[in-house]
Amino acid sequence: MFRRKRKASDFSSEIEAHLQLESELLREQGLTEEEARATARRSFGNVMHSEEHFYESARWLGWDHFWQDLRYGLRVLRKAPGFTAIAVLTIALGIGATTAIFSVVDATLLHPLPYGQPEQLVTLCDDLPGIGAHDVGMSQPEWQDLQRSGIFEHVSPAQFDENNLTGSSRPARVRILIVAPNYFALLGVKPQLGRAFDPEDHSPGLVLEVLISDGLWKRAFGADPNILDKSVRLDTDLYRIVGVMPAGFDAPGRTPEERNIEVWAATSFYGAPMPDQPPRNRRSLPTAIGRLKPGLTIAAAQSRLDALVASLQKEFPGDYPRQSAWTVRLLPLKESVVGNVRQSLILLLGAVGLVLLIGCVNVANLLLARGSARGREMAIRRALGAAHTRLTRQLLTESVLLSLIGGTAGLLVLFCTKGFLLRHVPESLPRLNDISISWGVLFFALGASLVAGVVFGLAPALHARRLDLNHMLKQEGRGTTGSGEQTRTRRILVITEFALSLVLMIAAGLLLRSFWDLLNVRLGFNAQNVMAVRTRLPDPNDPKADLYGSPAQEAPFLREVLWRGRTLPGVEEVALGDTASIPLDESLRNLKLISEGQFLLTLEGDIQNDQPSVVERSSVTPEYFHLLGIPLLRGRLFNDLDNDKAPQVTVVNEAFARAYWPNENPLGKRFKRNRAEAPWITVVGVIANARTQSLAQDGVPQIYLDLYQTGGKRLAIFLRGQLAAAIPDQVREQVQSVDPTLPVSVGQTLKETVSASLAERRFSMEMIALFALTALLLAGLGIYGVISYMVSERTHEIGIRIALGAERRSIVRMVLRQGLGLAIAGAAVGLIGALIVSQLMAGLLYGVRPTDPMTFAGVTGLLLGVAVLACYLPARRALRVDPLVALRHE
Amino acid sequence: MSTQDEKERLELLQGTLDMLILRTLIFGSQHGQGIARAIQQSSEEELLVEHGALYPALRRLEERGWISVKWGTSSNNRKARFYSLTAAGRKQLVKETTKWKRLATAIGRILDPAKEG
């Protein structure tokens, strides 16, 4: 890299040759040996100078100086172990934390998705903005239209489901994704074993082949190398395993459940068990991904897609009512996978960057303080002829060296604690498996260290340039010689530190308040002592094989489970519902389960009859409401007469009643599913609002149907009472003694569910709070350093004041005024910064405004309090100044 | 050394040393001492080449690619670095010579206008 062009020794031997040649010539002309040598030398001029000149002009010199500086720097650092330790620790903390967060950002946001040509992959979202419904899914004919449109290479709908897998050791609930046969070709991934589906297979019904995940292969089949062509039962249907996906392959989903798929099945979404000719207005395919034709940008594809949608609306006016204003939106696939964590991650990175910056400012302060102690050394070196640039470089080399040591230490700690840290990242974070300390991350750490070294080394280095030689050398002692300018710089640094800390602390304070508000929100239901255990009834493709095909067939099972549940020890109440009825169940939120969750409804007598509305719905048994403590406001709950033969009834919440029949009695009103053949459903009761859908949202309209009338495959068994730890196992025994093929999940208490629904918020809140505390500590240390330095600098003056009879109080006040002045100036700047930052993070807040005066005032007060404390300690020392000693001091 | 008193010799004008080195090398490769000698001799001992200044000049020319260098043996069997002209060096020499001649003529005209007339 820096190869020397010619060695200095080579050069001297050339000069030597020259001198010899010359003296030989002179000897031939008759001079004596000695005279000849002397004359040759004389006519050559200054040999040393020539050599030196040669040496210096070599580009190698910079390198030599660098090594010199480095060795010197190491020596200096070794000689001040206390300073070095503090500085290295601060930097290690900053770089380590920043690198840790960056590794997450790098894996999730910066790296492309691990599929072939990921930039061509898109998510297709069908919206009906006219009725406020988003992401409503598409119908099979629409999918076919898109396939043929020429815009996409492939389009594949994807439908999430949970099935019972039998054929391995014990019945298990597996997460299954039903996709089009072109799914794997679309993603451009290949299985590690076997083959993918045939993308050209358009046969009706389900392709009776499945691919399984690496995890399932290892867990349920012991990584059997002869797994291919084995048969498994999904529910009661027989499928052949044709491939095993590689480890680390995640499906591109929005939630952990959708990403962590264990079985892939394929279909073209028509033919039994689906309709042979699926109607165009039945949006039964909940999500879809696509691969654009090569060379097509998303914007170009979107405009062609808009044209296609417009022409379809014209062609099928009956299926696309104008009011609903159907549109199809293209989103980069990556956006749909990581879009919802981007803001949090960027906030975290910003926060940790601020901590690093504050750490840098602190180290700069330390360096400045040391710089004044080293002023004499610098002055002497200058006097001996060292150039400005050389001294600046020396100081910068030292600080960069310091930050590199710190950065390395930080990275080492990060490497050692990697596993521990990763366990604390919430599982809902997308692309968790991709997080690693890659080369990119290492480069980032190196770069951050270098930049940090320059940032905190710059102020002291620039100071060294402006040394007043005379002044410095005249000073007798080696001690305090800080110039006014230096003090000014240190003050500016402290102000900066305070401003940055305040920004961070206000961000943390706002998040903390949001979190606190969410924790203390009135749930509207009683989550104490309630546990939910899940099970799932089989859903075979052939309706005749379905033992639980109708509500009437299912009812005996439901009654049996309820009855058996009540006999378990400690259990006071039992209720059943479908999984949509589990309050705040984050794991299935946003998941488009088949025929579950959302409900397009048509009100009776509604003038805009073709304008369906979307509403959250769940099916429950009558005991559900009492078990959760949701009070009935009007009408009645379900009773035994509401069976599959009786007309369908519903209980709605207050928000629903108010939204659809304001100022009217909702009892007796009717609505139906948005399908012509669907039966009317009569409202029989109104219950109070409860935040079972989302902690953050109050008054989400909801309807409850009777599980005995609707049936349901994915069930939750709710238990209330003093529940022992063995309860989930006992429930499993009881359920499997009714039907041994049914899988039963581990139980989760509602408290855990509520807490899990806050996992992401808790994570970012805790991280930011941790960073803010670090910042506060660093800022406190910073102001403490500056004020105690100031006090020691003014010992003499303080001594005179005391000797002249100044009151102790006025001395303390003087010192405090100095410190608080800095803190207030910092806080003022910080408040402006915080106002900007809080606006940017408004989307992450709940219940507090971004300009929440309480938070702003409280945090500013806290910071000023710390400043007062940090100044008080040096102020006390100032009081102890003995005037005699102080006056003798100089 | 030479018989002439050194003080009477002309000091080289700045920038002309390079040209003279290149010119000297036109007759074939030569080592440093030989180049210095040759310049002095062909100027009939009028020009003084400070031998020490020669080597930085040689290195400069080498870096610019106008001369190339390799170790060889001198006529009296001493090991020395031999410099020779490259193609680029030849071009440069022509350029410099033309420039110098124009300059010399111009200066000549100013200093001695009678000759022109």
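Analyst: Helix 1 of chain B and helix 2 of chain B are roughly perpendicular to each other, a label given to angles of 65 to 115 degrees. Helices here are DSSP runs (H or I, at least four residues), numbered from the N terminus. The contact joins Leu20(B), Ile21(B) and Thr24(B) of helix 1 of chain B to Ile35(B), Ala38(B) and Ile39(B) of helix 2 of chain B, where being in contact requires C-beta atoms, placed from the backbone, to lie within 7 Å. By class, this contact has 5 nonpolar, 1 polar and no charged residues; Ala, Val, Leu, Ile, Met, Phe, Trp, Tyr, Cys and Pro count as nonpolar, Asp, Glu, Lys and Arg as charged, and the others, Gly among them, as polar. The axes of the two helices, spanning residues 16–25 and 32–42 of chain B, come within 10 Å and cross at roughly 100 degrees, with axes fitted to C-alpha atoms over the stretch in contact and angles running from 0 to 180 degrees between N-to-C directions.

This is a predicted model, in which local features need pLDDT of at least 70 and side-chain atom pairs count only at pLDDT 80 or more, while totals for chains, interfaces and linings use all residues. Residues are numbered from 1 along each chain as its sequence is written, and chains are lettered from A and ligands numbered from 1 in the order in which they are written.

As for the surroundings, 17 residues of chain B are in contact with 18 residues of chain A. On the side of chain A that touches chain B, helix 1 of chain A gives the most, with 9 residues, and by class that side has 7 nonpolar, 8 polar and 3 charged residues.

Notes: Angles under 35 degrees count as roughly parallel, over 145 as roughly antiparallel, 65 to 115 as roughly perpendicular and the rest as oblique. Two residues are in contact if their C-beta atoms, placed from the backbone, lie within 7 Å.
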